Amino acid sequence: MTDHDTPSRPLILVTNDDGIASPGLHAAVNAVAPLGELLVAAPKTQQTAAGRSLMAIPWKVERYDLTLRDGTPVNAYAVEGTPAQAVRGGLLLLSERRPDLLVSGISYGENVGVGVTISGTVGAAIEGATFGVPGLAVSLETDIKHHLVHSDEVDFSTAAYFTHLFARMMLELSLPAHTDLLKLDIPRAATPETPWRITRVSRQSYWRSLIEEIEGTRQYAGYERSIEPDTLEPDSDIYAIVVDEVISVTPMTIDLTANEDFAALAEEVKQALGRNER
């Protein structure tokens, strides 16, 4: 490729898990539009909590009419399927070159604690990372009543500000070799002046399923926030947004291997197996 053929602007793939019509997605698109060329590929319908799943259906891709606030048209597509399928569709069917960055969000609802792999917002970023595309997964703390609807009562302006800020940083600076994506969680009361903090994923479950007994049968009845303050890790994503109400920035990797001394672990396993055989 000659210098004349080299693209002059970075390519940014934007997706989400709330669906192509989500105001949160549109806020993210407008936030990163000044940073490069855009390709939007998002699920056609609401896909919250889809994780990195892939539906066993044919991929159906449709043009979607999306414009920036200034009226500029955006190259956008609605994909029948999950957030991960939308990312795959964007990368394999719609893009002529590998994107420089994937932005997933802005999600209605924070994605923190051990449930992050349930999140379609995070799942989309993980999917992109498996193709070598660094990802930014952005979520805004909102009332539960807004999680599954495209409410215009939610103000995405601060989340959009930080989406732009960290997307620009990621385009200018490469992530460390062991980091594949950043998970960004914004407290509901945050402003552009709110500090940010590098955090880790809490080992606590943040969303607790509610079970009710109806006519003698136990049934799922929704979910609620639930934390254990006494054991909540001060360096965690949950602590950052709930206790200190600061922006949580969590570096994540697609390598799920435990950080162990392999030789020592192998010896422990060997000894344990030996005891079991006797």
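Let me start with the aromatic rings. Tyr206, Trp207 and Tyr223 are joined into a cluster by ring pairs. Keep in mind that this is a predicted model. The count of aromatic pairs comes to five. One of them is Tyr161 with Phe162: the ring centres are 5.1 Å apart and the planes stand at 90 degrees, so this pair is edge-to-face. Tyr161 is partly exposed, at 38% relative accessibility, whereas Phe162 is buried, at 1%.

Another pair is Phe166 with Trp196. Here the centres are 5.7 Å apart and the planes are at 85 degrees, so this pair is edge-to-face. Which parts of the chain does the pair link? Phe166 belongs to helix H4, residues 157–172, and Trp196 to strand E8, residues 196–198; the two are 30 residues apart, and the pair links distant parts of the chain. Phe166 is buried, with a relative accessible area of 6%. Trp196 is partly exposed, at 47%.

Next, the backbone. As background, most residues other than glycine have a negative phi, and most peptide bonds are trans. There are a few exceptions to show you. Going from Gly105 to Ile106, the peptide bond is cis, with omega near 0 degrees. Ile106 sits in strand E5, which covers residues 101–108.

Ala49 is not a glycine, yet its phi is positive, near 70 degrees. You will find Ala49 in the loop between strand E2 (37–43) and strand E3 (60–63).

Glu245 is partly exposed, with a relative accessible area of 49%.

Last, the surface. Trp59, Leu92 and Leu93 make a nonpolar patch of about 300 Å². Of these, Leu92 is in helix H2, residues 83–94. The relative accessibility of Leu92 is 51%, so the residue counts as exposed, the cut-off being over 50%.

There is a charged patch as well. Which residues gather in the patch of negative charge? They are Glu260, Asp261, Glu267 and Glu268. Glu268 falls within helix H6, residues 262–277. With 53% relative accessibility, Glu268 counts as exposed.

Conventions: Residues numbered from 1 in each chain as written. Predicted model: local features only at pLDDT ≥ 70, side-chain atom pairs only at ≥ 80, totals over all residues. Heavy atoms only, no water. Patch = residues over 30% accessible without salt bridge, like charges linked within 9 Å, V, L, I, M, F, W, Y side chains within 5 Å. Areas by Shrake-Rupley, 256 points an atom, 1.4 Å probe, with all protein chains shown as cover. Salt bridge = Lys/Arg side-chain N within 4 Å of Asp/Glu carboxyl O. Lys, Arg positive; Asp, Glu negative; His and termini not counted. Charge placed at Lys NZ, Arg CZ, Asp CG, Glu CD. Helix = DSSP H or I, 4+ residues; strand = E, 2+ residues; numbered from the N terminus. Buried < 20%, exposed > 50% of the residue type's maximum accessible area, 1.4 Å probe, protein only. Phe/Tyr/Trp six-rings, centres within 6.5 Å; stacked < 30°, edge-to-face > 60°.
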